[in-house]
Amino acid sequence: MEKKLLSKSEEGPIRCKAAVCHKPGEPLVIEEIVVAPPMPREARIRVICTSLCHSDITFWKMKDPPAIFPRILGHEAIGVVESTGEDVTEVNKGDMVIPIFLPDCGECFDCKSNKSNLCTKFPFRISPWMPRLATSRFTNLEGEVIYHFLSVSSFSEYTVVDVANLTKIDPVIPPNRACLLSCGVSTGVGAAWRTANVEAGSTVAIFGLGSIGLAVAEGARLCGASRIIGVDVNPEKFEIGKKFGLTDFVHAGVCQNKSVSQVIIEMTGTGADYCFECVGMASLVHEAYASCRKGWGKTIVMGVDKPGSMLNLSSFEVLHTGKTLMGSLFGGLKPKSDIPILIKRYMDKELQLDEFVTHEVKFKDINKAFDLLIEGKSLRCVIWMDN
C-alpha cells in the first residue's frame, strides 16, 4: 500500500490503516479501511500522532448503547489537512490542526457568548456519525460501515472531521505535545482557569489524580492557588502531583474513621474554595461538595459516572451554605480561541506538557498503550502513526 503516492487523494477515497474496535474489551485490530473524501464543511486529516484517554478505555469496554461496533476510537490528536470539502474557508490543505470533540461553530449564540462553550448548533452527543449529514466516512474493504467516535476517530492514519471540531494551530509546538491539548490536559487546566476562575491565594482540593486531576492541579498552579490538596487512594500520586503544584495529600483509603470532607475541613479550617471531582463517582461529588467552604465554595464536576447515576443533596444545605455545584465539559474552554493561548503558554515555558507524557509507542503497538493506562503505569501515552 502506497498511501503517500495517491496523487488524486483530494478527489477520491483513501485506503489506509486504522485500529478498529470490533468487540467490547477485545484488542483493537489494525486493518486496511477506506476513508471517503470530505463532504461540505468537512476536512480530511492525516493524523500525525494521537494519545490515549480514559474516555477511549470507557467506550472500548462499553457493551450497551451508546456503544456501537465496529468503531474507530481515539479523540486526542494532531494532524495535517489533506483535503477539504466544499465551503471550507477556516483551514487549507497543509494546515496543522487539532481535532476536538467539542464543537465550536463560531456562529450560534453560545459560541459567540463568553458565558458558555456548549455549541447550540451542534450539541455535544456521543454519535457514531458525522455531525451534519449523519453518515460515516469510514468503510472496510468490503464496503461495510465503520462508525465514528466523538467526531474525531483518531486511531486511523486518515480521518474526516467537521470544521466546527477543528482548531488550526501554529506548527511551532511539537506534535507529541500538541495532541495532549485535544482533550485531557486542556480539560483539567481549563476547569481551573475558565470554569472555576481560581483566584490567586485560594485553596483547591482535587478528587482523583489521574491525568485530568493532575491537569487541574497544573491549572490551579498557573492561576496562583496557594494550597492545592490532592485526594486519591494511591499515595504514590502525591510525589507525581508535586510536579504540577500539589502542596498537600489526603490518602482517601486511610482517613482514621473520618470522611475525606472532614479531613479537608480540618486541614483548611473552613473548607476548600474550589473542589474538583475528576473520577466519575456520585459519592465523590458529595464529598467534594461537603469539602467546600460555605459562602463561595465551588464544586466542579468533571468525572463521568455510569448512566442513570443520581446526586442526592440536602435542599437545606444548598440553601443555607451558598455553595455552587457545576459541571465542566472540556474545562469550559472555547477550542478555537483558548487552545492557541495554551500553546503560547507552553512555548513560553509556563504550562507544563512534557511531564504528562510518560510513554510513546508506534501505531502497531497501540494495544500496549491500552495496557499501560489500564495498569496505571501511564499518564499519557503518545501513539505515533508513521514511526
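## The sheet

In what order do the 6 strands of the open sheet stand? The order is β12-β11-β10-β13-β14-β15, and the pairing is parallel. The model is predicted. β12 (248–251) and β15 (324–327) are the edge strands. Each has a single partner strand, so one side of each lacks a neighbour in the sheet. From one strand to the next, the twist averages 20°.

T299 has L325 of β15 as its bridge partner.

## Helices on the sheet

Helix α5 (residues 211–223) packs on the sheet. Its contacts are with β10 (203–207), β11 (227–232) and β13 (274–277). The direction of α5 makes about 170° with that of β10.

Helix α7 also packs on the sheet, where it touches β10, β11 and β12. The direction of α7 makes about 160° with that of β11.

## The α7–α8 pair

Helix α7 (residues 260–268) also packs with helix α8 (residues 282–291). The angle is about 20°, and the axes lie 8 Å apart. Angles under 35 degrees count as roughly parallel, so α7 is roughly parallel to α8. The crossing of α7 past α8 is right-handed.

Which residues make the contact? From α7 come V260, S261, I264 and I265. From α8 come E287, A290 and S291. By class, the contact has 4 nonpolar, 2 polar and 1 charged residues.

Note on methods: Residues numbered from 1 in each chain as written. Predicted model: local features only at pLDDT ≥ 70, side-chain atom pairs only at ≥ 80, totals over all residues. Heavy atoms only, no water. Axes fitted to C-alpha atoms, helices over the stretch in contact; angles between N-to-C directions. Helix = DSSP H or I, 4+ residues; strand = E, 2+ residues; numbered from the N terminus. Parallel < 35°, antiparallel > 145°, perpendicular 65-115°, else oblique. Left-handed = near helix turned anticlockwise from the far one by under 90°. Contact = heavy atoms within 4.5 Å. Nonpolar A, V, L, I, M, F, W, Y, C, P; charged D, E, K, R; others polar. Pairing = 2+ DSSP bridges.
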